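Take a walk through this model.

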Amino acid sequence: MTGYRCIPLLAFVCMAQEPPHIKVNVHLVNVTFSVRNDAGLSPANLTKNDFEVFEDGVPQNISFFSRSADLPLTLGLIVDASGSQEHFVKAHHHDLETFLKRVLQPDDRAFLVGFGNHIRLVSDLTSSSSEILDELKRYEHESGHFDQMGPEDEDREGGTAFYDAIYYSASEKLSDGTSGRKALIIFSDGEDNSSAHHMLDVIEESQIENVPLFCVRYTQHGRHGKLTARNKYGTSVMARIAKESGGEDFDAEKKDLKESFHEIGEELRSSYELAYNSTNTERDGYFRRIVIRSKNPGLTVRAKTGYYAR
């Protein structure tokens with residue numbers, strides 16, 4: 001898998017529609033990022049002069065910069081239907097319905113993936129919240145009737161393909177050519193015991209496709225209400241993949257998800273994009289760490305943490 005792709009030049013516009021895509025044969029590093037002030041709002045008047053970019057600590061020259069407002073969203077909703085989540089089925093359904101009501105608008109599209117041992121496309125891209133929810137209800141009783149994602153010859157012995165569900169959702173449904181701002185919303189506990197892919201595969205694919213991962217965590221505690229070692233592992237996984245992809249993770253038991261979902265929608269609709277030509281021309285496959293800093297105090301930047309120089 002290559003870590004570089006032909007990147008569209010970014011028009012210097014602030015419009016509801018997407019900037020025109022012009023393909024060029026240069027290796028630019030493209031980064032979509034969000035900016036929030038202390039009030040949790042996204043400032044609209046920032047320019048490239050308000051930011052500095054570093055790759056492995058080396059300053060980079062920003063070649064292209066734009067802000068997009070009111071972009072249509074293309075979202076993947078991933079619901080964990082494995083045994084460890086059987087106590088959270090109603091919570092998943094309720095929170096997914098809340099998310100769709102709070103975020104999905106007529107110009108947006110979303111698809112739904114359910115996974116346990118198998119990964120199923122429950123609802124393909126649609127702008128209809130009711131269609132997604134109806135298919136989720138049917139999936140809860142007839143999961144085997146839905147199309148499987150990923151290679152058909154993959155034989156899994158375990159019951160939770162967490163990493164594969166994310167990987168195939170990004171690579172098969174949100175690859176280059178998908179319109180609008182892309183993201184995956186994952187309802188799970190972060191535990192895995194049957195995937196062909198691992199955590200770093202998921203992180204790399206999300207970084208290549210510029211797909212932030214927003215993780216909503218449901219953890220069934222062990223005895224005396226304490227986290228088990230497995231719980232702690234899943235918690236750390238969801239926190240890491242969210243951070244590395246430029247997303248965010250939430251504890252479903254402790255966070256007001258209505259407000260969280262609103263924040264996700266606002267952040268995705270109003271985002272910044274920049275591109276730079278890396279000063280490091282080596283294609284050695286190593287990870288390059290990206291840091292975007294605001295020159296203005298009181299602003300927080302969230303973006304993917306880097307890319308692999310394939």
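A polar contact of 3.4 Å joins the side chains of Asp251 and Arg217. A polar contact here is a pair of N or O atoms within 3.5 Å; within protein, one must be able to donate a hydrogen and the other to accept it, and residues adjacent in sequence count only if both atoms are side-chain atoms. This is a predicted model: local features need pLDDT of at least 70, side-chain atom pairs count only at pLDDT 80 or more, and totals for chains, interfaces and linings use all residues. Residues are numbered from 1 along each chain as its sequence is written, and side-chain values use heavy atoms, with hydrogens and water left out.

Asp251 also reaches a backbone: a polar atom of its side chain lies 3.0 Å from the backbone nitrogen of Glu253. Asp251 sits in strand E10, residues 248-251 (strands are DSSP runs of at least two residues, helices H or I runs of at least four, numbered from the N terminus). Asp251 is buried, at 17% relative accessible area (buried means under 20%, with a 1.4 Å probe and protein chains only).

The structure holds one cavity of 30 Å³ or more (a set of points on a 1 Å grid over the protein atoms alone, where a 1.4 Å probe fits but cannot get out; lining residues have an atom within 4 Å of a point). The lining of the largest cavity has 15 residues, and Thr32, Arg181, Pro212, Ser245 and Lys304 lie nearest its centre. Strand E1 gives the most to this lining, with three residues.

Note on methods
1 Å grid on protein atoms, 1.4 Å probe; cavity = no way out; pocket = protein on both sides within 12 Å on 5 of 7 lines; lining within 4 Å. Points joined across faces, edges and corners; volume = space filled by probe spheres on them. Buried < 20%, exposed > 50% of the residue type's maximum accessible area, 1.4 Å probe, protein only.
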